[in-house]
Amino acid sequence: MNDVLSRESSVPSPPPAALRAFVDRVALWHIGFVWSDELVAAACDALVAGLDSPALCRLAGLSRREVDYEAPLLVPEVLDELGWRAPESDPRTHAAALRALAALTVRGELSPGRFVAESEWLVIEEPEADRRLAELNGAYGWAEWNDVPAVADLDAGALAEARRLSGL
């Protein structure tokens, strides 16, 4: 299901969409793309969608004042209770974060240009994706440097790559 997090036990399967949404937010949080308070919202969404664990409930109940300190402690516990392994900072984590960024782009929550810019520093060790994203990043940079106002072709190419990477 996810390259970063792997199934460790055979607990009853929660709703796949809820689990994927939560795992995507964890991967994005792990690379610094989303704030800790967004994890609280993701935990609330996960509970409403049917995921359940004591640590997930505690994460969903964190206040803004405590979230930055408590979330890093709770996330591994939540994932463990859901039968998943916490991500490490490596190409698998980056690949999961890239897939999550791509899914946000396909859903229209992130612009194609921002998708390319945010993915620039992610090392995923997939030569085709690395090459294509580097080409797109260079083309966006060239367009910006030369004040090219219309980047529709670049956006279309970035969106196509996002679709391919997200699997949507």
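Trainee: Hi! Where does Arg 99 lie?

Mentor: Arg 99 lies in helix α5. Keep in mind that this is a predicted model.

Trainee: Thanks. Is Arg 99 buried or exposed?

Mentor: Arg 99 has a relative accessible area of 12%. That counts as buried because the cut-off for buried is under 20%.

Trainee: And how far apart are Arg 99 and Asp 24?

Mentor: In sequence they are 75 residues apart, while their C-alpha atoms are 8.1 Å apart in space. Asp 24 also turns up in the lining of the largest pocket, as one of the residues that lie nearest its centre.

Trainee: Oh, tell me about that pocket. How many residues line it?

Mentor: The lining has 13 residues, and those nearest the centre are Arg 20, Ala 21, Asp 24, Ala 103 and Arg 107. The space in this largest pocket is about 210 Å³.

Trainee: Which helix gives the most to the lining?

Mentor: That's α1, with six residues. Both α1 (16-30) and α5 (91-106) supply at least two residues each.

Trainee: What classes do the lining residues of the largest pocket divide into?

Mentor: Seven are nonpolar, five are charged and one is polar.

Trainee: Let me zoom out. What does the secondary structure come to?

Mentor: Eight helices and zero strands. Along the sequence, the pattern reads α-α-α-α-α-α-α-α.

Trainee: And how much of the protein is buried?

Mentor: Of its 168 residues, 42% are buried. As for contacts with a separation of 6 or more, 63% of them join residues 24 or more positions apart.

Trainee: Now some packing. At what angle do α6 and α7 cross?

Mentor: Helix α6 (residues 112-119) and helix α7 (residues 127-145) cross at roughly 115°, and their axes come within 9 Å. The crossing is left-handed.

Trainee: Which residues make that contact?

Mentor: From α6, they are Pro 112, Gly 113, Phe 115, Val 116, Ala 117 and Ser 119, and from α7, Leu 133, Leu 136, Asn 137 and Tyr 140. By class, this contact of α6 with α7 has seven nonpolar residues, three polar ones and no charged ones.

Trainee: How does α6 pack with α8?

Mentor: The angle between α6 and α8 is about 65°, and their axes are 8 Å apart. The crossing of α6 and α8 is left-handed.

Trainee: Which residues meet there?

Mentor: Pro 112, Gly 113, Phe 115 and Val 116 in α6 meet Asp 155, Ala 158, Leu 159, Ala 162 and Leu 165 in α8. The residues of this contact comprise seven nonpolar, one polar and one charged.

Trainee: Why does Glu 161 count as buried?

Mentor: Because its relative accessible area is 6%, and buried means under 20%.

Trainee: One last residue. Where is Trp 121 found?

Mentor: Trp 121 is in the loop between α6 and α7. At 45% relative accessibility, Trp 121 counts as partly exposed.

Trainee: What does Trp 121 touch?

Mentor: Not counting residues up to four places away in sequence, Trp 121 touches Ile 31 and His 94. Trp 121 and Ala 134 are 13 residues apart in sequence, with 9.7 Å in space from C-alpha to C-alpha.

Methods:
Residues numbered from 1 in each chain as written. Predicted model: local features only at pLDDT ≥ 70, side-chain atom pairs only at ≥ 80, totals over all residues. Heavy atoms only, no water. Buried < 20%, exposed > 50% of the residue type's maximum accessible area, 1.4 Å probe, protein only. Axes fitted to C-alpha atoms, helices over the stretch in contact; angles between N-to-C directions. Helix = DSSP H or I, 4+ residues; strand = E, 2+ residues; numbered from the N terminus. Left-handed = near helix turned anticlockwise from the far one by under 90°. Contact = heavy atoms within 4.5 Å. Nonpolar A, V, L, I, M, F, W, Y, C, P; charged D, E, K, R; others polar. 1 Å grid on protein atoms, 1.4 Å probe; cavity = no way out; pocket = protein on both sides within 12 Å on 5 of 7 lines; lining within 4 Å. Points joined across faces, edges and corners; volume = space filled by probe spheres on them.
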